[in-house]
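Good morning, colleagues. Please look at the sequence and the model first.

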Amino acid sequence: MSSDRELVDSFVDAFSAAGPARARSMMGEWMIYLDDKVVALVCDNQLFLKPAGQITELLRSSELASPYPGAKEHYVIPKSDWADADYLADLARAIADALPAPKPKKRKA
């Protein structure tokens, strides 16, 4: 099942309070970037956050699950927390701060 674009856009809007955020489609599902770093996945209309940095100290729920078969476990953010944009922005910022800078793209000759 693919995720709803409106739902993804609502997460991008919430994360945007923490910096430049965007979403990219991935076979019907979505990756959400903050500062050009993947901080979250939206799969089957569920929000999964990367387990990076001090995020565990900020989480209200620490349920882990794989967003898709074969994926590493991510934190599942319950629907009851989706409306709290400040909370989502704080989580996204903590993850982005903990991740390394993206590698520069090679220019084509």
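Let me begin with L49, which touches F15, V39, A40, I55, H74, Y75, I77, L91 and I95, leaving out residues up to four places away in sequence; contact means heavy atoms within 4.5 Å. The model is a predicted one, in which local features need pLDDT of at least 70, side-chain atom pairs count only at pLDDT 80 or more, and totals for chains, interfaces and linings use all residues. Residues are numbered from 1 along each chain as its sequence is written, and side-chain values use heavy atoms, with hydrogens and water left out.

A second, separate core of six residues includes Y33, L41, C43 and F48. By nonpolar core I mean a set of buried Ala, Val, Leu, Ile, Met, Phe, Trp, Tyr and Cys residues joined through side-chain atoms within 4.5 Å. Buried stands for under 20% relative accessible area, exposed for over 50%, and partly exposed for the range in between, with a 1.4 Å probe and protein chains only.

The largest nonpolar core has 30 residues, and F11, F15, V39, L47, L49, I77 and L88 have the most contacts inside it. Two or more residues each come from α1 (5-15), β2 (29-34), β3 (37-43), β4 (46-49), β6 (74-77) and α3 (85-98). Helices (H or I, at least four residues) and strands (E, at least two) are DSSP runs, numbered from the N terminus. The largest share of this core, seven residues, is that of α3.

At what angle do α1 and α3 pack? The angle is about 75 degrees, and the axes are 8 Å apart. Axes are lines fitted to C-alpha atoms, for helices over the stretch in contact, and angles run from 0 to 180 degrees between N-to-C directions. The two helices α1 and α3 are therefore roughly perpendicular, a term for angles of 65 to 115 degrees. F11, A14 and F15 of α1 meet A85, L88, A89 and A92 of α3.

I turn now to S3, in the segment before α1. S3 is buried, at a relative accessible area of 7%. Its side chain reaches the backbone oxygen of V42 at 3.5 Å and the backbone nitrogen of D44 at 3.1 Å.

Finally, A23 is placed in strand β1 (residues 21-26) and counts as partly exposed, at 22% relative accessibility. Beyond four places in sequence, A23 is in contact with V8, V12, W30, M31 and I32.

Note on methods: Angles under 35 degrees count as roughly parallel, over 145 as roughly antiparallel, 65 to 115 as roughly perpendicular and the rest as oblique. A polar contact is a pair of N or O atoms within 3.5 Å; within protein, one must be able to donate a hydrogen and the other to accept it, and residues adjacent in sequence count only if both atoms are side-chain atoms.
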